[in-house]
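Please open the model in your viewer and keep the selection tool at hand.

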Amino acid sequence: MELKTIAEFIAETNEFCRQAGMNPEELPPATIIFSDTNNSAKLGLYEEIISVTRLFSGKIIELLKDIPLLIAVSDQHGVILDMVGDDNIQQYVDRFGFKQGVQFSVSTMGTNIINLSLDRHGEPVELIGDAHYHHYLQSTASYGVAFKNTDTEEIIGSLVIVTDLSHQNPTITMLLATMVDSIERELVLQKQNRQLNMLHQVMMDNSQYGVITTDLEGNVLEFNIRAEILLGNKIRDVIGNHARHLNVIGEYIEAVLGERKRFDDVYITIGKDGDPAQRYCLFDAFPIYDDSYQTIGVFAQLRDITEVYNVQKLFNFLANHDEQTGLPNRRFLMANLTDIIEEHGKSKVSDQLAVIHLDLDRFKIVNDTLGQKDGDFVLKRIANRLANYSGETNFIARVGGDDFVLIFHLQKQVDVQQIGRQLLTLFNEPFTMKGYDFHITASIGIAVFPNNGRTTEELLVMADTAMFQAKKQGKNQFVLYSDELDPKSHDKILLEASLRKAIDSDELVLYYQPQIDIQTRAMIGVEALIRWQHPTLGMLLPSEFVPLAEETGLINQMDEWVLRTACKQNKKWQDMGITPFSVAINLSANQFASDKLPNLVQSVLYDTGLKPEYIELEITETMTMDVEHAIPTLKELNELGVKISIDDFGTGYSSMNYLTKFPIDRLKIDRSFIWNIEKNGSDLNIVITIIRMAHNLGLKVIAEGVENDKQFQFLHDHGCDEVQGFFFSEPLSVEKIESSFFEMVSGSK
């Protein structure tokens, strides 16, 4: 019978969970097979396995030290025997029954990586994100491989790695398979080492390790084929001769004999750098004793870890290089540019150091014409031209989608402007792809050390400023930085750099402006408004940084932060005993245009525990112009149970026909109409018309920007439902709104 695919197996087990009535929102009761009182006997049976897996787990944790992960080992029945790894991950999964002594099966724990890996009989598997049945595990990525008794081919347990979803990586599966293979080999080796009568089997030619034994004088007794392959010494030249002559390892064997030392996991490189045949091994050497515990020789072994080493090397490369072009990335640039500058400064030579920011002009048209895949290929060809021009003595990095930074060491007689002109000529020849000739140009900004700056940040900012000036002057040219360049560009770049750090540095804050019932004058909700507590510029309003966030693409990250923070705060207020009210959250055009918005809202509500009726998402009229996107998106949000309002109503272009089809709850009259109702008859009539129209559609109306009693009384007299504005309160911090309004809200219980 053909074995099911992993996807089929996961789908089958998830269906089993549904049929069994498992609630994906609830934690299944853990089946404890052994506890602290009886685990010694249970673990004693697996002492060797746990010891070996811990050895290799430590190496994996060190190899992936920047990734939070947990490594667990189970027996063949799915009982967790041991866990090591990141404390935060361990505490997280511990809450869900993922701990020592718990048995995992589909019938008790639902779809899980341990049961899946045991079922696949040694085939590496992964269970990532929403492939899990239970929602609490959908924020994790897990990988597993079963391991076996190599003598009987019987499955004796499984090894799994769990990390958070943001660190999912298919390379972990390959690494785990290599680790399990090494564990199986290590278990065999330990078994053979315990049985002296099987010593020759350890050194058989089919061993996966290079094995060497010597007598008490150091003469080689055994030297297998694997050792010959790894060390390059011929068996016929080694047997009977002293081990000191062995390539790389001879000195260690002499130290065991002469000083009774023991070596474990010594890292050894065999072969010349750059040689494809170069190998990386772990070396062990220790004395062999007779029954009287007298030394009779040395046992040594070489374990080839070249594959693991190459995986680590790949990790390091990917962390510091751009995947598409293979060039160093921004991380590598920032880590090394300071050293380059300092070294150049210490050399006291008259050569110049030029920092060049090159940005491709209108490269988006290439991606739009060819698609992302072929666009990346063209980008790689551009990178090759730049790299070939830069040569080995200079430096080039790709720091963004179509942005490159080049560092040139220029001899005194070389004109910096000559470099700029030559870089531009690299783009004279078009790039041909699929029958299209793409004439791509570049805008280039150049800053020179030490004239334009002495630090990494200064030089990069100056080069960026010059590049923006080149764009401003019509593109396809280079500009040398000078103090006369627009200082606003300089300030904008510095502000962008600060904005990128703002979220991680907890500099963004939310203020809340009360929304007031016009009849009772009681607070019935709040609007969340973002502020930036800049470390040097002070408190910044949205108008001072949101446009920059939209321009740089940071708005998406900022939008999610606002949504998550506002929901978390509202749930906290409810947990304090405050009468529940809704919080209004503004959506940006980018966020509303995303197909992932409904899923994001659902995820945030689940994570924070806030019920959907207590958030109101505000969109503008202009966001609804793409009706084919707006209607299904609004319907999905409405089905989640959240409220929808249209902000700044009256300033956009909403069609009344489409407005009736939108599942919205409120219209918010733009503040510009409220400010003018005392002076402008047209605005007065517009406000009255909006209120009547909204009520005819069954919608509530809220007016923003209410600043005085006359405005309030007018809105009251014409049936407006709610108001907000400085007449009642400016936007307040969490602490101030709690002290000013919550007694009123709590008193309404």
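A cavity here is a set of points, on a 1 Å grid over the protein atoms alone, where a 1.4 Å probe fits but cannot get out. Counted by this rule, there are 2 cavities of 30 Å³ or more, a volume being the space filled by probe spheres set on grid points joined across faces, edges and corners. The model is predicted, with local features needing pLDDT of at least 70 and side-chain atom pairs pLDDT 80 or more, while totals for chains, interfaces and linings use all residues. Residues are numbered from 1 along each chain as its sequence is written, and side-chain values use heavy atoms, without hydrogens and water.

Begin with the largest cavity, whose volume is about 150 Å³. Select F98, F104, N112, I113 and L137, which are the closest to its centre among the 15 lining residues, lining meaning an atom within 4 Å of a point. Then colour α6 (113-119) and β6 (140-149), each of which supplies at least two residues of this lining.

Next, select T53, R54, S57, I71, A72, V73, D82, M83, V84 and L159, the lining of the second largest cavity, which has a volume of about 30 Å³. Here α3 (47-63), β2 (69-75) and β3 (80-85) each contribute at least two lining residues.

Finally, move to helix α12 (residues 306-320), where L314 lies. L314 is partly exposed, at a relative accessible area of 36%, a term for values between 20% (buried is under this) and 50% (exposed is over this), with a 1.4 Å probe and protein chains only.

Conventions
Helix = DSSP H or I, 4+ residues; strand = E, 2+ residues; numbered from the N terminus. 1 Å grid on protein atoms, 1.4 Å probe; cavity = no way out; pocket = protein on both sides within 12 Å on 5 of 7 lines; lining within 4 Å.
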